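Subject: Structure handover

Hi,

My notes on it follow below.

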Amino acid sequence: LILFMILPYLTAIIASGIVVYILYPVYSRINERFNKPVLISLVFTLGIVALCVFSAVTVSKTITEESLIFFTLAKQKLATGNIFTADFECLSGFVCDSALDIREFLRTPEVSYYMNDFTVSARNIVVKGLSSFILSLPGKVIQIFIFFFSSFYLFFDGKNLVKYILSAIPLAASASSLLMKRIKGLLNGLIYGHFITALIQGGFA
(Lines give C-alpha, C1' and ligand atoms only; values in the text may rest on other atoms or scores of the structure.)
Protein backbone atom coordinates (compact mmCIF):
# COMPACT_ATOMS: atom_id res chain seq x y z
CA LEU A 1 0.00 0.00 0.00
CA ILE A 2 2.82 2.41 0.86
CA LEU A 3 4.53 1.55 -2.44
CA PHE A 4 1.44 2.51 -4.43
CA MET A 5 1.23 5.79 -2.51
CA ILE A 6 4.90 6.64 -3.16
CA LEU A 7 5.05 5.40 -6.76
CA PRO A 8 3.53 8.52 -8.44
CA TYR A 9 6.10 10.71 -6.67
CA LEU A 10 9.07 8.38 -7.07
CA THR A 11 10.40 10.49 -9.95
CA ALA A 12 10.67 13.54 -7.68
CA ILE A 13 12.55 11.53 -5.04
CA ILE A 14 14.97 10.06 -7.59
CA ALA A 15 15.49 13.49 -9.20
CA SER A 16 16.28 15.04 -5.82
CA GLY A 17 18.79 12.27 -5.11
CA ILE A 18 20.56 12.86 -8.45
CA VAL A 19 20.68 16.64 -7.99
CA VAL A 20 21.95 16.34 -4.41
CA TYR A 21 24.58 13.81 -5.51
CA ILE A 22 25.87 16.24 -8.17
CA LEU A 23 25.96 19.26 -5.86
CA TYR A 24 27.00 17.53 -2.65
CA PRO A 25 30.77 18.18 -3.07
CA VAL A 26 30.05 21.93 -3.33
CA TYR A 27 27.65 21.75 -0.37
CA SER A 28 30.21 19.82 1.68
CA ARG A 29 32.96 22.39 1.10
CA ILE A 30 30.71 25.33 1.97
CA ASN A 31 29.41 23.55 5.06
CA GLU A 32 32.95 22.79 6.23
CA ARG A 33 33.75 26.49 6.02
CA PHE A 34 30.64 27.96 7.66
CA ASN A 35 29.40 24.94 9.69
CA LYS A 36 25.70 25.80 9.34
CA PRO A 37 24.18 22.68 7.79
CA VAL A 38 20.52 23.64 8.25
CA LEU A 39 20.88 27.08 6.67
CA ILE A 40 23.12 25.90 3.84
CA SER A 41 20.82 22.95 3.09
CA LEU A 42 17.85 25.31 3.00
CA VAL A 43 19.63 27.78 0.70
CA PHE A 44 20.75 25.03 -1.70
CA THR A 45 17.30 23.46 -1.79
CA LEU A 46 15.47 26.76 -2.32
CA GLY A 47 17.92 27.70 -5.06
CA ILE A 48 17.42 24.39 -6.88
CA VAL A 49 13.62 24.57 -6.63
CA ALA A 50 13.56 28.23 -7.73
CA LEU A 51 15.78 27.45 -10.72
CA CYS A 52 13.63 24.49 -11.77
CA VAL A 53 10.37 26.44 -11.42
CA PHE A 54 11.78 29.46 -13.27
CA SER A 55 13.05 27.26 -16.11
CA ALA A 56 9.73 25.42 -16.42
CA VAL A 57 7.69 28.65 -16.43
CA THR A 58 10.01 30.30 -18.97
CA VAL A 59 9.98 27.32 -21.32
CA SER A 60 6.17 26.92 -21.05
CA LYS A 61 5.62 30.63 -21.72
CA THR A 62 7.95 30.61 -24.72
CA ILE A 63 6.38 27.49 -26.22
CA THR A 64 2.88 28.91 -25.76
CA GLU A 65 3.71 32.26 -27.34
CA GLU A 66 5.63 30.74 -30.25
CA SER A 67 2.88 28.18 -30.89
CA LEU A 68 0.16 30.84 -31.03
CA ILE A 69 2.25 33.02 -33.36
CA PHE A 70 3.07 30.06 -35.60
CA PHE A 71 -0.52 28.86 -35.92
CA THR A 72 -1.82 32.39 -36.53
CA LEU A 73 0.70 33.02 -39.31
CA ALA A 74 0.21 29.55 -40.77
CA LYS A 75 -3.55 30.03 -40.90
CA GLN A 76 -3.18 33.42 -42.60
CA LYS A 77 -0.68 32.19 -45.19
CA LEU A 78 -2.61 29.02 -45.97
CA ALA A 79 -5.85 31.01 -46.29
CA THR A 80 -4.29 33.41 -48.82
CA GLY A 81 -1.95 30.93 -50.46
CA ASN A 82 1.06 33.20 -49.83
CA ILE A 83 3.35 30.73 -48.11
CA PHE A 84 6.49 32.65 -49.05
CA THR A 85 7.92 35.54 -47.05
CA ALA A 86 7.65 38.05 -49.88
CA ASP A 87 4.83 38.64 -52.35
CA PHE A 88 6.85 38.87 -55.54
CA GLU A 89 5.92 39.03 -59.21
CA CYS A 90 7.48 36.35 -61.38
CA LEU A 91 8.19 36.78 -65.06
CA SER A 92 9.62 33.38 -65.96
CA GLY A 93 11.72 30.57 -64.63
CA PHE A 94 11.11 27.25 -62.93
CA VAL A 95 11.18 28.59 -59.37
CA CYS A 96 8.76 31.43 -60.11
CA ASP A 97 6.39 29.18 -62.04
CA SER A 98 6.46 26.58 -59.26
CA ALA A 99 5.76 29.24 -56.64
CA LEU A 100 2.76 30.52 -58.56
CA ASP A 101 1.46 26.99 -59.12
CA ILE A 102 1.73 26.24 -55.39
CA ARG A 103 -0.03 29.50 -54.55
CA GLU A 104 -2.91 28.77 -56.91
CA PHE A 105 -3.13 25.19 -55.63
CA LEU A 106 -3.40 26.35 -52.03
CA ARG A 107 -6.06 28.89 -52.97
CA THR A 108 -8.44 26.23 -54.28
CA PRO A 109 -11.44 25.86 -51.91
CA GLU A 110 -10.89 22.16 -51.20
CA VAL A 111 -7.21 22.49 -50.29
CA SER A 112 -7.81 25.70 -48.35
CA TYR A 113 -10.54 24.00 -46.31
CA TYR A 114 -8.39 21.01 -45.37
CA MET A 115 -5.38 23.21 -44.60
CA ASN A 116 -7.44 25.44 -42.31
CA ASP A 117 -8.94 22.38 -40.67
CA PHE A 118 -5.43 20.99 -40.11
CA THR A 119 -4.18 24.20 -38.49
CA VAL A 120 -7.26 24.39 -36.25
CA SER A 121 -6.81 20.74 -35.21
CA ALA A 122 -3.11 21.28 -34.48
CA ARG A 123 -3.91 24.39 -32.44
CA ASN A 124 -6.57 22.49 -30.49
CA ILE A 125 -4.02 19.76 -29.71
CA VAL A 126 -1.61 22.35 -28.32
CA VAL A 127 -4.37 24.05 -26.30
CA LYS A 128 -5.53 20.68 -24.97
CA GLY A 129 -1.98 19.84 -23.92
CA LEU A 130 -1.61 23.17 -22.12
CA SER A 131 -4.99 22.68 -20.44
CA SER A 132 -3.94 19.23 -19.25
CA PHE A 133 -0.72 20.72 -17.90
CA ILE A 134 -2.64 23.41 -16.00
CA LEU A 135 -5.03 20.82 -14.55
CA SER A 136 -2.06 18.74 -13.41
CA LEU A 137 -0.53 21.69 -11.54
CA PRO A 138 -1.83 20.54 -8.10
CA GLY A 139 0.03 17.25 -8.57
CA LYS A 140 3.08 19.18 -9.75
CA VAL A 141 2.96 21.30 -6.59
CA ILE A 142 2.98 18.14 -4.47
CA GLN A 143 5.92 16.81 -6.48
CA ILE A 144 7.78 20.09 -5.96
CA PHE A 145 7.13 19.84 -2.21
CA ILE A 146 8.41 16.25 -2.14
CA PHE A 147 11.43 17.29 -4.20
CA PHE A 148 12.08 20.14 -1.76
CA PHE A 149 11.75 17.96 1.34
CA SER A 150 13.84 15.11 -0.12
CA SER A 151 16.60 17.47 -1.28
CA PHE A 152 16.76 19.24 2.07
CA TYR A 153 16.91 15.96 3.99
CA LEU A 154 19.57 14.46 1.68
CA PHE A 155 21.73 17.58 1.95
CA PHE A 156 21.34 17.78 5.71
CA ASP A 157 21.46 14.11 6.72
CA GLY A 158 22.42 12.19 3.58
CA LYS A 159 25.65 10.80 5.04
CA ASN A 160 23.85 9.31 8.03
CA LEU A 161 21.24 7.79 5.72
CA VAL A 162 23.98 6.11 3.68
CA LYS A 163 25.63 4.83 6.87
CA TYR A 164 22.30 3.41 8.08
CA ILE A 165 21.75 1.63 4.77
CA LEU A 166 25.25 0.14 4.87
CA SER A 167 24.77 -1.03 8.46
CA ALA A 168 21.52 -2.75 7.46
CA ILE A 169 23.25 -4.77 4.71
CA PRO A 170 24.20 -8.23 6.04
CA LEU A 171 27.84 -7.95 4.96
CA ALA A 172 31.15 -7.41 6.71
CA ALA A 173 32.33 -3.83 7.14
CA SER A 174 35.11 -4.27 4.58
CA ALA A 175 32.73 -5.79 2.04
CA SER A 176 30.17 -3.02 2.58
CA SER A 177 32.90 -0.39 2.15
CA LEU A 178 34.10 -2.02 -1.08
CA LEU A 179 30.53 -2.26 -2.37
CA MET A 180 29.96 1.42 -1.58
CA LYS A 181 33.14 2.43 -3.43
CA ARG A 182 32.10 0.49 -6.52
CA ILE A 183 28.58 1.94 -6.47
CA LYS A 184 30.03 5.43 -6.02
CA GLY A 185 32.38 4.93 -8.97
CA LEU A 186 29.53 3.69 -11.13
CA LEU A 187 27.31 6.63 -10.15
CA ASN A 188 30.13 9.10 -10.78
CA GLY A 189 30.62 7.72 -14.27
CA LEU A 190 26.93 7.74 -15.12
CA ILE A 191 25.72 10.97 -13.54
CA TYR A 192 28.74 13.20 -14.09
CA GLY A 193 29.24 11.77 -17.58
CA HIS A 194 25.68 12.64 -18.58
CA PHE A 195 25.92 16.00 -16.81
CA ILE A 196 29.12 17.04 -18.60
CA THR A 197 27.76 15.77 -21.94
CA ALA A 198 24.60 17.84 -21.45
CA LEU A 199 26.68 20.93 -20.65
CA ILE A 200 28.79 20.45 -23.80
CA GLN A 201 25.70 19.92 -25.97
CA GLY A 202 24.06 22.99 -24.44
CA GLY A 203 27.18 25.05 -25.11
CA PHE A 204 27.25 24.08 -28.79
CA ALA A 205 23.47 24.37 -29.26
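Y24, Y27, F44 and F155 are linked into a cluster by ring pairs. Rings of Phe, Tyr and Trp (its six-membered ring) pair if their centres lie within 6.5 Å; planes under 30 degrees apart are stacked, over 60 edge-to-face, and the rest tilted. This is a predicted model: local features need pLDDT of at least 70, side-chain atom pairs count only at pLDDT 80 or more, and totals for chains, interfaces and linings use all residues. Residues are numbered from 1 along each chain as its sequence is written, and side-chain values use heavy atoms, with hydrogens and water left out.

The structure holds five aromatic pairs. One of them is Y27 with F44, an edge-to-face pair at 5.8 Å centre to centre, with 85 degrees between the planes. Y27 lies in helix 2 and F44 in helix 3 (residues 37–80), so the pair ties together parts 17 residues apart in sequence. Helices here are DSSP runs (H or I, at least four residues), numbered from the N terminus. Y27 and F44 are both buried. Buried means under 20% relative accessible area, exposed over 50%, and partly exposed in between (1.4 Å probe, protein chains only).

Next, the core. The largest nonpolar core has ten residues: A12, V20, Y27, I40, F44, I48, V49, I146, F147 and F155. Such a core is a set of buried Ala, Val, Leu, Ile, Met, Phe, Trp, Tyr and Cys residues joined through side-chain atoms within 4.5 Å. Helix 2, helix 3 and helix 6 each give two or more residues to this core. Helix 3 gives the most, with four.

F147 is in contact (heavy atoms within 4.5 Å) with A12, A15, S16, V19, I48 and V49, leaving aside neighbours within four places in sequence. S151 lies in helix 6 (residues 137–168). S151 counts as buried, at 0% relative accessibility. S151 touches S16, V20 and T45, not counting residues up to four places away in sequence.

Last, a helix crossing. The axes of helix 2 (residues 10–34) and helix 7 (residues 173–204) come within 11 Å and cross at roughly 95 degrees. Axes are lines fitted to C-alpha atoms, for helices over the stretch in contact; angles run from 0 to 180 degrees between N-to-C directions. That makes helix 2 roughly perpendicular to helix 7 (65 to 115 degrees; under 35 is roughly parallel, over 145 roughly antiparallel, the rest oblique). Helix 2 makes the contact with I18, Y21, I22 and P25, and helix 7 with K184, L187, N188, I191, Y192 and F195.

Best wishes
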